[in-house]
Amino acid sequence: MPADVVETLRWGHSGLALALEIRPDRPVTLRELSPGQAAAPTRTSQPVVEVLVPGEGRARASQRLSETAVGLRLRYAGADRSSEDGRHELRVRLRDEASELGAELLLESYEGVPALRASVRVTNLGTAPVPLLAVTSFAAGFHGGPASDLDVLYADSAWLGESRWIRRPLADHLPDLGLEGHGHGRGAFAPTSSGTWSSGRYVPMGGLSERDSGRTWLWQIEHNGPWRWEVGDRLDGVYAALSGPTDLDHQWNHPLAPGESFTTVPVSVAVSADGLTGAAAALTAHRRASRRPHPDRERLPVVFNDYMNTLMGDPTTDKLLPLVDAAAAAGAEVFCVDAGWYDDGGDWWDSVGEWRPSSTRFPGGIEEVLARIAERGMTAGLWLEPEVIGVRSPMAGKLPDEAFLRRGGVRVAEHGRYHLDLRHPAAVAHLDQVVDRLVTELGVGYFKLDYNINPGAGTDVDASSAGAGLLAHNRAHLAWLESVLDRHPHLVLENCASGAMRMDYAMLSRLQLQSTSDQQDFLRYPPIAAAAPLSVLPEQAANWAYPQPDMTEEEVVFAMCTGILGRLYLSGNLHLMDERRLALVREGVAVHGRLRPVLPRATACWPLGLPGWDDPWLAFGLRDTAHAGNARSTDAASSKAAEADGAALDDLYVTVWRRPGEPDSAVLSLPHLRGRDLDSTIAYPEAAEGWRLAWDPGAAELTVTADVPPPTARILHLRPR
């Protein structure tokens, strides 16, 4: 092919359009990625695959994942397409003759969903080993103009303060440095994670949005270990590069022997022409399409957990039996006995690992408690932290050293625990025996899988680097979870890690729900709950509702509102409540039950914008798309369709919290309802007083006024006429 000939490879379906530009003298680049409709091409020269090797490094001095020497030399070598059962696949083959490396970019997408999943397989086609230091899973130019046109989206995360989403001008991170005459930039905005807490510092997601047009990408890195994403500036625009572990950030390298291949962790990218809300709807549809099938996806039972602000890891028969009765009377369908059920001595942190019920806490056996749970019509659940063995646990001496993560021949210990290495068959056999015994002998149907330590960079046993050992363990952990669900297909597994320190879609594509925080202050939980549907599916977002007998009735409602519009995760000393407060709890559970069919098809919106940690007013909504098409519809698409043919727009359920602070009113922006008459009612609590709602159809704004002092909260039901 002559050097000046340009070919375009197009791929997609009704919900996605992708175009790659192919030239014989340049790397393959992305020219278009849009939600099915025509879009202006992105003239950015970022290669679609970057591969960093130590013998050559980068073509220009930087610490970025852009312009690696190998990435700039990779040339198009063919492509294959396939489609089956609504799943479309494109494999793009690339080759670098100098390094004798081949790369295959795999793109997957579901019919009608404006999102794709990407991964890269690198193969050594030569005769000498090639060490890999980094390989991107997805790399592409997003915008052909300056960074000042864009906003960047990311989410800070910390124990008790998870999923704090931020939208900020990209120029705050990438100022205009006058690159003309100097070449592409060297800087980047690059969030990373470390160790096994994939969301310990940042949620493994990010995004870019054009401020004027609303064009938005929203991505997630689907890995239960270390990751990196970056956005940077080039002479011809702004690029994004997403990856799993790297040598620079995570002590990862992988020697690739002749004939061997390495595959990156998968990442997903959702695209929208309608801003963040549209991109969130697209990613929501993609998450639903790619989740493992499970009966829980339709049932969504209400879970009562005895931990938060209730027993706090100190369960006994005497304490549990009245709670079981009260939880069942309130409408719970699962009762999970949390931490401490295995402890005889009262100091169980560093002795966990055998997972056998305590005889001192349960004089008649834990079977007495589990039988009461079953008698009350609930599924029995237990807390489990399977990946750790306490340093004082009998299992620490029974399992061989090879069954643990090690560095320099020494077991990695953190906060009084050793960490199992799930590459080793003895570690897997131990966990299989524990799960199978608890399921078959005790009838457990639900496990809260907690994870309270981070072992750091990994293990150097049977690995080229600590990071490579950790990646292999991470993948073995996912394989173990799959095997558990294969053996026990009705078992429900909750993803928990000190709240939400491992909230990623490597885990959540397999597990059924996600505990969104360990936050114990009911006034601080709302910003976490409001942001959760951007990080996880609404039907997976287990937001704690822990009303207490000493709360005022408004505080009980406030606490319940935090959990109702997600996966209701109930706690609190319900057995000590008076009838009026208990009636508010029962009503909240009943309202959640009526909304439960909405959750698996709803998409989220934020009528007050992304929640701020200290905002006095907070709100998020779920749009029931049953009447407006399906969950893949975006804001603009559904709104235009409704205007064109008079079809009914979707119902909207909105949780609104007012915390201490001014003012007394908040204005909710609902642009998709502009020009419509609106029936606005309070769905919970039914007998609510002290709140006023005023709708302005021309401005598409709902003014909410609370005449009762904070804290106060309501769930609104908005029905367009």
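The structure is a predicted model, in which local features need pLDDT of at least 70 and side-chain atom pairs count only at pLDDT 80 or more, while totals for chains, interfaces and linings use all residues. Residues are numbered from 1 along each chain as its sequence is written, and side-chain values use heavy atoms, with hydrogens and water left out.

The secondary structure of the protein amounts to 14 helices and 42 strands; these are DSSP runs numbered from the N terminus, with helices being H or I of at least four residues and strands being E of at least two. Along the principal axes, the C-alpha atoms occupy a box of roughly 80 × 70 × 45 Å. The radius of gyration of the protein is 26 Å, which agrees with the value near 27 Å that a compact globule of 721 residues would have. This radius is taken over C-alpha atoms, and the globule rule is 2.2 Å times the number of residues to the power 0.38. Of the 721 residues, 62% count as buried, where buried means under 20% relative accessible area, exposed over 50% and partly exposed in between, with a 1.4 Å probe and protein chains only. Among contacts with a separation of 6 or more, 69% come from residues 24 or more positions apart; contact here means heavy atoms within 4.5 Å.

We can turn now to the helix packing. Two packed helices are described by the angle between their axes and the distance between the axes. The axes are lines fitted to C-alpha atoms, for helices over the stretch in contact, and the angles run from 0 to 180 degrees between N-to-C directions. Helix α12 (residues 553-564) packs with helix α13 (residues 579-595) at an angle of about 20°, and their axes are 10 Å apart. That makes α12 roughly parallel to α13, on a scale where angles under 35 degrees count as roughly parallel, over 145 as roughly antiparallel, 65 to 115 as roughly perpendicular and the rest as oblique. The α12 side of the contact consists of E553, V556, V557, M560 and I564, which meet R580, R581, L584, V585, G588, V589, V591, H592 and L595 in α13. By class, nine of the residues in this contact of α12 with α13 are nonpolar, two are polar and three are charged. In this classification Ala, Val, Leu, Ile, Met, Phe, Trp, Tyr, Cys and Pro count as nonpolar, Asp, Glu, Lys and Arg as charged, and the others, Gly among them, as polar.

A second pair brings together helix α6 (residues 317-330) and helix α7 (residues 366-375), which pack at an angle of about 5° with their axes 10 Å apart. The helices α6 and α7 are therefore roughly parallel to each other. From α6, the residues T317, L320, L321, V324 and D325 meet E368, V369, R372 and I373 in α7. The contact of α6 with α7 contains five nonpolar, one polar and three charged residues.

The peptide bond from E662 to P663 is cis, with omega near 0°, and P663 sits in the loop between β37 (651-658) and β38 (665-669). Another cis peptide bond joins P710 and P711, with omega of about 5°; P711 belongs to the loop between β41 (701-706) and β42 (712-720). Although E67 is not a glycine, its phi is positive, at about 65°. E67 lies in the loop between β4 (51-52) and α1 (69-73) and counts as buried at 9% relative accessibility. W355, also a residue other than glycine, has a positive phi near 60°. The place of W355 is the loop between β22 (334-337) and α7, and W355 is buried, with a relative accessible area of 2%.

Finally, L485 lies in helix α10 (residues 466-487) and is buried at 1% relative accessibility. Leaving aside neighbours within four places in sequence, L485 is in contact with R292, H294, L491, L493, R510 and Q512.
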